[in-house]
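Hi everyone, thanks for making time for this.

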Amino acid sequence: MGPKTIEKKRKVQDPEPESEDEIAPDFDGALSQSEDEFDSDFDDDKEHEQDGEEESGSEASDDEDDEGSLLSDDIPSDAEGDKAMGKLVLEDEEEELKIEIPGVDPKRPEKDDGEKNYRVEKDANGNERYVYDEIDPVYDSDDSDAQEAPNTIGDIPMSFYDSYPHIGYDINGKKIMRPATKDALDALLDSIEVPKGWTGLTDIHTGNPLNLNDEELELVRRVQMGMIPNDLEDPYPETVEYFTGIEEKMPLSAAPEPKRRFLPSKNEAKKIMKLVRAIREGRILPYKPPEEREKEEEEVEQYFDIWQDEVPTEVNPLHIPAPKLPPPGFDMSYNPPAEYLPTKEEREEWEKLDPEEREKEYLPQKYDSLRKVPGYGEVVKERFERCMDLYLAPRVRKNRLNIDPNSLLPKLPSPSELKPFPTVAQTVFRGHDGRVRSVAIDPTGVAVASGGDDGTVRVWELLTGRQVWSVKLSSEEAVNTVRWRPSKDSFILSAAVGEEVYLMVPTHASVTPALEQASRDVLSAGFGYATGGQTHGAAPGKEPPAKWARPGAKLEDEGVLIRITVRSTVKVINWHRKGDHFATVSPSGQRSSVAIHTLSKHLTQIPFRKLSGLAQTASFHPLRPLFFVATQRTIRCYDLQKLELVKVVQPGAKWISSFDIHPGGDNLIVGSYDKRLLWHDLDLSIRPYKTMRFHSEAVRQVKYHKGGLPLFADASDDGTLQIFHGKVPNDQLENPTLSRQGA
Amino acid sequence: MPKIKKKGQAGAAKNYITRTQAVKKLQLSLPDFRKLCIWKGIYPREPRNKKKVTKSVTASTTFYYTKDIQYLLHEPLLQKFRDQKVLEKKISRALGRGDVSDAARFERHAARPEATGKPRYTLNHIIRERYPTFNDALRDLDDCLSMLFLFANLPSTSAVPAKMIARCERLCLEFQHYLIVSHSLRKSFLSIKGIYYQANIQGEDILWLVPYKFNQRIVGDVDFRIMGTFVEFYMTLLGFVNYRLYSSIGLKYPPKFDQLKDENGAELGAFSLEGVNMATQGETTQAITNGEEQKVDPKVQAEVDKIIKQLKEDESKTDETAEEDAEADDEEKPTDSIDKFEPVAPGGDVLPQPAYSGTDPSQLFANFTFYLSRETPRQPLEFILRAFGCKRIGWDSVLGEGAFTNDESDSSITHHIIDRPVVQAATSEEGDGEDNQTAQKVGPNQRYPGRIYVQPQWVWDCVNDEELKSPELYAPGAALPPHLSPFVKAAPGQYDPTLPLEAQQTEAEAIEADLEDAKDGAAEEGSDVENDMDVDEAEDDEEEEDAEEDVEEDEEGDVEEDEEESKTLQRQLELEAELQGKKVQNKKVDPKTKSKLEQRKALEKKAKEEAEDLERAKGMLSKKKRKLFEQMQYTNNKKSAQDEKLRAKRRKLEKEKAQKA
């Protein structure tokens with residue numbers, strides 16, 4: 001309904017009708033709709049309205065019509081005005097828009113030039129009265145604002161109406177009455193008395209009629225006349241010159257001119273000198289255009305012999321120079337030998353890898369001529385990475401041994417040079433039920449004794465493997481160990497079964513009756529002594545460490561002559577080289593675990609009141625009167641003459657299983673349950689000289705070769721037996737050379 | 001009671017400092033700290049025990065020596081950095097106020113190398129500090145040269161100002177001039193990454209890489225600020241090194257630089273070296289390129305060149321192929337050669353090789369005149385030829401100014417370096433057809449008589465071997481011999497492609513190879529014979545052959561197989577054959593193969609024994625030594641495996657070649 005209301009407004013504003021001749025006849029149908037919408041009240045004005053609409057429609061498009069009607073409003077909003085202004089600027093060629101601007105009549109200036117926009121009339125008082133022209137609001141183009149003739153009589157001389165009281169007709173056909181003549185008016189006015197200063201207004205404060213007094217009237221008059229309203233004020237007073245160029249004869253102050261007025265300023269001189277100095281020194285340069293200055297700056301680059309007085313300084317040991325990049329190899333050539341080119345698989349593998357994981361950052365390529373070589377894409381990146389390495393990579397000095405790895409290996413003799421050593425099993429001794437716990441070869445080397453879980457001790461022919469002698473010592477307990485007495489003038493075997501140690505003289509082909517008799521004598525020699533010894537040796541109330549007795553008739557017939565009963569299970573027997581003493585070790589036996597037995601006296605002594613740790617094994621030194629006892633961790637060496645501790649050997653093993661002393665007496669091998677075989681040089685250190693770990697299980701037993709060959713062997717739970725070559729040199733300064741011979 | 005020691009008060013905890021701590025201590029920004037570290041050559045250290053050094057858990061902490069950082073505290077550059085910071089603050093404040101002219105004024109005074117290419121500070125004192133002696137500087141020149149040569153070839157961007165590039169290029173060219181004059185270039189190598197050069201200056205070997213002249217691809221994660229910092233330092237270093245080097249051979253530094261020539265692409269030719277002595281300056285001015293060029297007024301020459309170039313360009317527009325283009329060039333150029341009427345013989349007879357008399361390798365090319373064809377890389381060739389004594393090098397004018405001659409037909413040219421494929425016969429016939437009228441016009445395949453045509457690789461191989469190689473191998477279009485790196489030192493046991501395969505393969509490999517040869521030979525023979533006999537048996541043949549191969553494979557697989565076992569296998573095979581109702585093929589083993597087989601067996605046995613011995617010896621080593629030994633063994637094995645692979649490949653290739661032949 002927007003357009004319609006606007007039309008209404010317009011109608012109210014300028015009720016005068018348009019000239020009829022501007023109606024475009026072809027709009028009748030188009031406007032029929034809008035016609036229906038109008039109320040019947042407006043019947044009278046309908047036609048004019050339509051006229052307006054049709055006129056606008058004929059002149060411009062709908063849009064413009066819209067805009068135009070908007071603009072014709074009484075109060076156009078600022079925005080609209082601005083917009084219109086903008087339009088004006090943009091499209092100043094279009095006249096239509098120019099016309100539409102409210103309040104601005106483009107033709108008006110011309111009018112001003114030509115004639116005044118008012119006329120002077122006389123009012124009732126005979127004063128001049130300025131009657132201004134009606135301001136043409138310049139509305140829409142359809143609003144004809146031409147001064148409508150109030151009288152519609154047309155071009156007829158007024159004298160025709162001289163005889164009538166009216167002078168014509170207005171647009172509605174009503175008579176326009178002849179105005180009152182001057183005389184009638186004057187008469188009327190004269191009849192009414194107007195007080196002086198009458199304004200016809202009411203004073204809002206008092207409610208009385210507001211009359212002006214003389215002064216006020218004078219003011220009004222002055223304003224009206226364009227004069228200065230107040231007589232008292234002089235609008236153009238004379239100028240008063242406060243400062244003049246005229247020198248006065250008499251000075252204001254009689255003081256003489258100060259000296260500083262005549263002297264040059266020190267401060268300024270200082271400033272100037274500063275500048276002068278700066279110029280002299282070249283700190284301030286005369287102005288130059290910037291390009292010139294840049295050029296000069298370039299040339300400033302001055303090189304000189306910076307190493308003129310070079311002094312070689314010592315290299316800081318902490319300084320690590322950056323390593324140089326490796327030189328390119330054959331495969332980096334643009335035309336490498338064909339074998340350096342990658343195969344298809346290698347290429348695929350290389351491409352599959354992450355760029356970081358690649359061993360080489362490039363693939364060898366072959367180009368058959370130099371002109372075909374493309375640029376390498378990674379040059380900048382590689383250089384950048386080098387830069388990053390130079391400044392960001394921590395540098396560490398790493399010593400790289402540039403030696404042949406084989407030089408690290410010891411020079412070992414080849415096994416074939418080290419013969420003889422056993423290589424194949426020569427004889428198998430069959431006969432034991434169950435496990436064989438211990439084996440010993442007799443000092444003459446003809447027989448071998450063995451003891452096992454079946455409680456028997458058997459003696460075999462060494463070469464043939466024939467069993468020559470056997471005795472059952474116990475039905476329940478196993479024979480833990482068998483040992484021969486190490487002297488060739490007797491043929492005595494010792495065996496340990498549980499808490500008992502038996503000494504026996506087995507029958508054997510090599511045993512002559514004389515030898516057998518000698519052996520029996522050796523064993524029985526102590527009986528007489530033993531009784532005497534025991535009486536004065538041990539206190540009567542105290543239990544003796546061991547009981548020496550005959551084993552009984554049945555065993556005596558077999559050749560078992562002595563039974564020694566100790567306090568706990570004996571695991572180890574070791575004889576002194578002379579055959580008079582032997583040591584037994586029973587690890588479970590607390591204080592009395594180690595016992596030394598004297599065969600000639602049938603005497604048993606317990607050398608240690610207290611022993612740190614569980615005794616594992618004990619042994620006599622082959623040459624000197626020394627006694628070695630191995631506990632779990634250490635091996636202690638005691639002097640038997642002085643009865644004092646000589647040395648504590650610390651192999652460093654967790655649990656020593658056995659040890660053996662080299663026939664030379666200065667070296668020691670230790671086997672341990674933690675799979676190790678340790679070689680000790682007793683003169684060198686208490687720590688092992690060599691540690692060997694070749695077994696996957698515990699090492700049970702170790703032994704030197706007794707026949708003078710530089711061999712030693714170890715037996716392990718993993719079922720293997722390894723034979724080593726370990727040569728102890730005659731020269732004391734030389735270290736033993738060890739080599740393994742294989743399992 | 002001794003004083004209780006607190007943790008973290010002494011030792012490693014005090015000797016090392018993390019980067020953050022260092023930056024804080026120096027009151028610098030991280031980029032400034034980085035710059036300082038790069039210039040002063042301070043690098044992070046790896047503490048032996050990180051836990052003792054820091055309480056932090058981050059594994060990637062960077063540690064510096066505290067002493068190093070303390071030493072940085074006294075660096076005069078530190079103050080410069082701070083001044084710079086103040087200045088930047090001023091600029092930003094001025095800009096914040098909208099006072100652009102003030103900001104511009106500050107900016108003008110700013111010492112920003114990125115903007116102006118030249119900082120207000122100098123790095124002279126740092127050069128002296130880091131390299132107390134000249135030899136120290138030479139030792140560190142590898143990276144410097146690689147970097148500057150790379151930057152000389154980079155396109156200018158906002159991160160790499162053109163001025164920096166120009167300076168790099170100039171310094172590099174000056175350095176090259178020294179190498180030319182002093183003949184200190186030793187080796188060069190054409191790799192896929194670029195060209196490697198090795199020079200020996202005062203006993204110090206310097207190796208650097210110059211990328212090929214292509215637009216460098218710059219991958220995303222390259223920080224040019226870091227590179228720029230390095231380049232700045234290296235530029236200063238090379239400047240001083242150049243000065244020292246020039247003055248050591250009595251030359252003035254910097255040499256005279258002809259801007260005009262440089263703009264025309266003269267490169268090395270834009271410099272003219274002068275003696276230090278002022279009195280004899282005029283005489284000592286050395287002709288960098290050649291005497292003839294010097295007489296010509298450079299301006300006139302430039303004009304002429306321009307015109308010629310224009311003409312040529314016009315010509316090249318009309319011409320399609322490169323070959324035709326070359327022809328056109330020759331036509332257009334004013335040729336002053338006299339031998340116009342010489343009949344052009346395609347592939348004219350090669351002159352007897354000028355004997356290289358002198359023993360000095362630096363004068364290798366002294367007596368020759370080279371001409372570089374348009375498609376050859378001029379810069380490296382010019383440099384390398386000059387460094388090895390060549391005085392006269394001409395090239396096509398497309399390649400820039402400074403040539404001895406641009407005339408291809410110059411009669412003084414002895415060697416013509418060409419890198420074009422040989423065009424097929426059709427064109428050459430045409431060339432034959434039009435004879436004397438276009439005598440001076442040389443067809444695509446046609447050659448000037450009296451000169452040697454070689455491919456560029458010839459120059460490099462000559463230089464590296466310090467002798468003139470036979471040019472036949474390097475003739476245009478010929479398959480080039482492999483280009484080998486001169487930097488690889490032949491180590492015993494390492495694969496050397498120059499030696500014949502027989503000289504370096506292991507015994508086992510040799511036997512294996514022989515066996516394979518024999519097998520192949522036997523297979524071929526057998527099939528031949530049977531083909532002659534009967535066609536029906538072809539199927540059987542194949543199967544039999546398969547069986548045979550099976551046997552052989554087994555033999556290969558089980559190295560420990562005994563002779564007896566193989567015999568039983570043979571027997572079993574026979575039985576199988578019988579069951580299938582086939583002819584029992586008696587495997588005939590010729591005596592040679594047999595002996596080889598025996599040899600192999602013996603070798604295997606020996607290897608086994610050796611392995612056993614090694615195992616035994618290793619057992620006697622201590623744990624530490626054993627580890628070391630195993631490590632060494634590992635790397636050695638890896639190397640030898642690589643070598644073996646190479647040998648195998650080569651054997652295969654040689655075999656293929658032999659079969660083809």
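This is a predicted model: local features need pLDDT of at least 70, side-chain atom pairs count only at pLDDT 80 or more; totals for chains, interfaces and linings use all residues.

For the complex, the predictor reports an ipTM of 0.77 and a pTM of 0.59. Chain A has a mean pLDDT of 77, and 77% of its residues score at least 70. There is a stretch to treat with care, though: across residues 1-112 of chain A the pLDDT is below 50, and the model shows 72 contacts for this stretch beyond near neighbours in sequence. Residues 731-735 of chain A also stay under 50, with one contact beyond four places in sequence.

What about chain B? Its mean pLDDT is 77 as well, with 74% of the residues at 70 or more. Here residues 278-297 of chain B have a pLDDT below 50, and that stretch has 24 contacts beyond near neighbours in sequence. Residues 315-358 of chain B are under 50 too, and for them the model has 56 contacts beyond four places in sequence.

Now let's turn to chain A. Its secondary structure comprises 16 helices and 31 strands. Of the 743 residues in chain A, 23% are buried. If you take the contacts in chain A with a separation of 6 or more, 42% of them link residues 24 or more positions apart.

Let me pick out one sheet here. It is an open sheet of four strands in chain A, in the order β24-β25-β26-β27, and the pairing is antiparallel. Which strands stand at the edges? They are β24, residues 656-661, and β27, residues 690-692, of chain A; each has a single partner strand, so one side of each has no neighbour in the sheet. On average, neighbouring strands of this sheet are turned by 20 degrees against each other, ignoring direction. Within β27(A), T691(A) is the residue opposite L678(A).

Over to chain B, which also has an open sheet of four strands, this one in the order β9-β8-β10-β11 and with parallel pairing. At its edges are β9 (392-395) and β11 (452-454) of chain B, each pairing on one side only. From one strand to the next, the twist averages 25 degrees. Strand β10 of chain B, residues 415-417, runs parallel to β11(B), and three bridges join them. One of the bridge pairs is H416(B) with Y453(B) in β11(B).

Is strand β3 of chain B, residues 185-190, buried or exposed? Six of its six residues are buried, so β3(B) is largely enclosed by the rest of the structure. Its partner is strand β4 of chain B, residues 195-201, and the two pair in the antiparallel sense over five bridges. Four residues lie between the two strands of the hairpin, and in the turn G194(B) has a positive phi of about 160 degrees.

Helix α3, residues 30-40, packs against helix α13, residues 224-248, at an angle of about 35 degrees, and their axes are 10 Å apart. The crossing of α3(B) with α13(B) is right-handed. On the α3(B) side, the contact involves P31(B), R34(B), K35(B), I38(B) and W39(B), while α13(B) brings R225(B), I226(B), T229(B), F230(B) and F233(B). By type, the residues of this contact between α3(B) and α13(B) are six nonpolar, one polar and three charged.

Last stop: how do the chains meet? Here 59 residues of chain A are in contact with 73 residues of chain B. In chain A, α11 (290-300), α13 (379-392) and β31 (737-740) each supply at least two residues of the side that touches chain B. Which element gives the largest share of that side? It is α13(A), with ten residues. The side of chain A that touches chain B divides into 37 nonpolar, nine polar and 13 charged residues.

That's my tour, and I'm happy to go back to any part of it.

How values were computed
Residues are numbered from 1 along each chain as its sequence is written. Chains are lettered from A and ligands numbered from 1 in the order in which they are written. Two strands pair if DSSP finds at least two bridges between them. Axes are lines fitted to C-alpha atoms, for helices over the stretch in contact, and angles run from 0 to 180 degrees between N-to-C directions. A residue is buried if 20 or more other C-beta atoms lie within 10 Å of its own, exposed if 12 or fewer, and partly exposed in between; C-beta atoms are placed from the backbone. Two residues are in contact if their C-beta atoms, placed from the backbone, lie within 7 Å. pLDDT is the predictor's confidence in each residue, from 0 to 100. A crossing is left-handed if the near helix is turned anticlockwise from the far one by less than a right angle, and right-handed if clockwise. Ala, Val, Leu, Ile, Met, Phe, Trp, Tyr, Cys and Pro count as nonpolar, Asp, Glu, Lys and Arg as charged, and the others, Gly among them, as polar.
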